Amino acid sequence: MIREVTTKTPEIILALDVDNREQAQKILQATGERLEWVKVGLQSYLRDGPDLIHSIVDSGKKVFLDLKLHDIPNTMAKAMESLVRLPIGMLTLHANAGEEALQRCARLGKEIMPDTLLLAVTVLTSMDQQALHSIGVKSPVIEQVERLARVAVKSEIGGVVCSPQELIHLRSCLPPVTRLITPGIRPTGSAMGDQKRIMTPSLAMDAGADYLVIGRPILEAENPAAALSNILGELDQ
Ligand code: C5P
């Protein structure tokens, strides 16, 4: 199915990958009300747990819980059951877990957490072609991303996490309702860090992203509020 590339402004999701609760508090205060979404990943969730999720939601924001579940189908389903009381808007699973696991999670999600958008992570944005080859995947990155995305869509997972470099291709081959979420966002001049498949916020918007996940370019900026403003300004232009 072909879909026209949209230039709708994507929402920014702040990746709250910080060393302690105080830093989390500080960065959330600095970025203020201009952010609707906060992504809590392994670093923060394993340290601060459900309490952090509740406090973010109590402050009026939505939480994307990025646990990237990847296990046998039964264990993934049971992990979802353990999260059922948390007010989470999005939750990630690894598409590599395969169709049976994704289908089971999708079915369970509809039943026990109908308001949570399940996302399947395709090829991590920190991996390039060489990294993929080194784990035995011989396909070009784009083919592997498409393969995993198709498994996710077939399993009725609502969204896919990919690098911005695959957005245009995925938009052209996935159903229009599939949400596309992309990390690997680097405003001009920001350090790449460990990310490999990157793009600027405005190019990712033009390529059709629904959500941009941004961490270090905001977290490590001298002035995080200004860094966020610059990104929002770039998207508005
Ligand atoms: O700091 P940076 O902007 O690189 O943060 C990107 C965030 O997105 C991190 O929290 C990382 O765990 C997450 N992520 C990613 N690549 C994926 C899926 C999630 O970088 N494929």
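How many strands form the closed barrel, and in which order do they run? In this predicted model, the closed barrel has eight strands, in the order E1-E2-E3-E4-E5-E6-E7-E8, and their pairing is parallel. The average pLDDT of the protein is 95.

**Confidence**

- A pLDDT of at least 70 is reached by 97% of the residues.
- Residues 1–6 have a pLDDT below 50. In the model this stretch still has 18 contacts beyond near neighbours in sequence.
- Where pLDDT is low, the predicted coordinates should not be read in detail.

**The barrel and its strands**

- Strands of a sheet pair through backbone hydrogen bonds, and the pairing is either parallel or antiparallel.
- Strand E2 covers residues 37–41 and strand E3 covers residues 62–69. These two strands pair in the parallel sense, over five bridges.
- Trp37 has Lys62 in E3 as its bridge partner.
- Helix H3 packs on the sheet, where H3 touches E3, strand E4 (90–94) and strand E5 (117–121). The direction of H3 makes about 155° with that of E3.

**Helices H3 and H4**

- Helix H3 spans residues 73–82, and helix H4 spans residues 99–112. The two helices pack with their axes 9 Å apart, at an angle of about 25°.
- H3 is therefore roughly parallel to H4, because angles under 35 degrees count as roughly parallel.
- H3 and H4 make a right-handed crossing.
- On the H3 side, the residues that meet H4 are Pro73, Asn74, Met76, Ala77, Met80 and Glu81. Their counterparts in H4 are Glu100, Ala101, Arg104, Cys105, Leu108, Gly109 and Ile112.
- Sorted by class, this contact of H3 with H4 has eight nonpolar, two polar and three charged residues.

Notes: Residues numbered from 1 in each chain as written. Predicted model: local features only at pLDDT ≥ 70, side-chain atom pairs only at ≥ 80, totals over all residues. Heavy atoms only, no water. pLDDT = per-residue confidence, 0-100. Contact = heavy atoms within 4.5 Å. Axes fitted to C-alpha atoms, helices over the stretch in contact; angles between N-to-C directions. Helix = DSSP H or I, 4+ residues; strand = E, 2+ residues; numbered from the N terminus. Parallel < 35°, antiparallel > 145°, perpendicular 65-115°, else oblique. Left-handed = near helix turned anticlockwise from the far one by under 90°. Nonpolar A, V, L, I, M, F, W, Y, C, P; charged D, E, K, R; others polar. Pairing = 2+ DSSP bridges.
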